[in-house]
Amino acid sequence: MSPAPPLWQQKIFEVLRKGGVEQVAYVPDAGHSHVIREASRDPAIHDVVLTTEEEGVAVAAGAWLGGHRAVLLMQSSGVGNCVNMFSLLDTCRFPFLALVTMRGEYAEFNPWQGPMGRATQQAFELMGITVVRVDDPDDVEDTVGAALDSAFEAGDRVAVLLGQKLIGRKKWERD
């Protein structure tokens with residue numbers, strides 16, 4: 001039996017569920033594993049596995065056109081893949097919510113994660129997307145809830161950065 005996920009991960013799924021999210025688009029990521037697993041189990045939520053993150057921007061836009069709320073789950077390394085697609089959000093004024101697990105920060109072991117980790121917030125902001133960040137587990141529920149309201153009640157485009165220290169250290173597996 002696997003250990004229970006951290007409470008903050010459980011709270012993210014609860015906020016999305018209570019907030020009426022009906023589609024969850026993602027490229028598989030360990031930091032989002034609980035939300036992905038729960039979304040795939042929930043008959044009221046359609047989980048969409050992506051081959052690349054920018055597809056998720058189109059999924060979110062299409063969901064909105066179809067009368068549904070969608071969220072894009074991704075790792076910071078995928079943000080650069082989405083920059084061109086973010087223009088769709090601005091031009092068409094689609095609401096948008098992304099939850100982004102950060103890499104390239106606290107105790108990062110993979111040097112390839114550093115550049116995009118450092119540029120993630122700026123990339124979102126340059127494309128007109130509001131960025132909020134959470135590093136404290138006690139702030140996750142309120143921060144994600146506020147971002148969801150900003151996106152789907154006010155029509156904003158919002159990215160919530162889930163700090164690497166919140167997620168925990170990643171380590172190379174050694175034999």
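**Notes on the predicted model**

1. Starting with H34: setting aside neighbours within four places in sequence, H34 is in contact with P5, Q9, Q10 and F13 (contact means heavy atoms within 4.5 Å). H34 sits in helix 2, residues 33–41. With a relative accessible area of 9%, H34 is buried (buried is under 20% relative accessible area, exposed over 50%, partly exposed in between, with a 1.4 Å probe and protein chains only).

2. Some housekeeping. This is a predicted model, with pLDDT of at least 70 required for local features and 80 or more for side-chain atom pairs, while totals for chains, interfaces and linings use all residues. Residues are numbered from 1 along each chain as its sequence is written, and side-chain values use heavy atoms, leaving out hydrogens and water.

3. On the fold: the protein has 7 helices and 6 strands, in the order α-β-α-β-α-β-α-β-α-β-α-β-α along the sequence. Helices (H or I, at least four residues) and strands (E, at least two) are DSSP runs numbered from the N terminus. The radius of gyration is 15 Å, close to the 16 Å that the globule rule gives for 175 residues, so the protein is as compact as a globular protein of that length. That radius is taken over C-alpha atoms, and the rule is 2.2 Å times the number of residues to the power 0.38.

4. Among contacts with a separation of 6 or more, 77% are between residues 24 or more positions apart.

5. Salt bridges next: the count is 8, taking a side-chain nitrogen of Lys or Arg within 4 Å of a carboxyl oxygen of Asp or Glu. One of them pairs K11 with E141, the closest N and O atoms being 4.0 Å apart. That pair links distant parts of the chain, with K11 in helix 1 (residues 7–18) and E141 in helix 6 (residues 140–152), 130 residues apart. Both ends are partly exposed: K11 has a relative accessible area of 23%, and E141 comes in at 37%. K11, E14 and E141 are linked in a salt-bridge network.

6. Two other pairs to look at. D90 and R93 meet at 3.4 Å, N to O; D90 is partly exposed at 37% relative accessible area, whereas R93 counts as exposed at 52%. D135 and R133 form a salt bridge at 2.9 Å, N to O, and here D135 is partly exposed at 40%, as is R133 at 36%.
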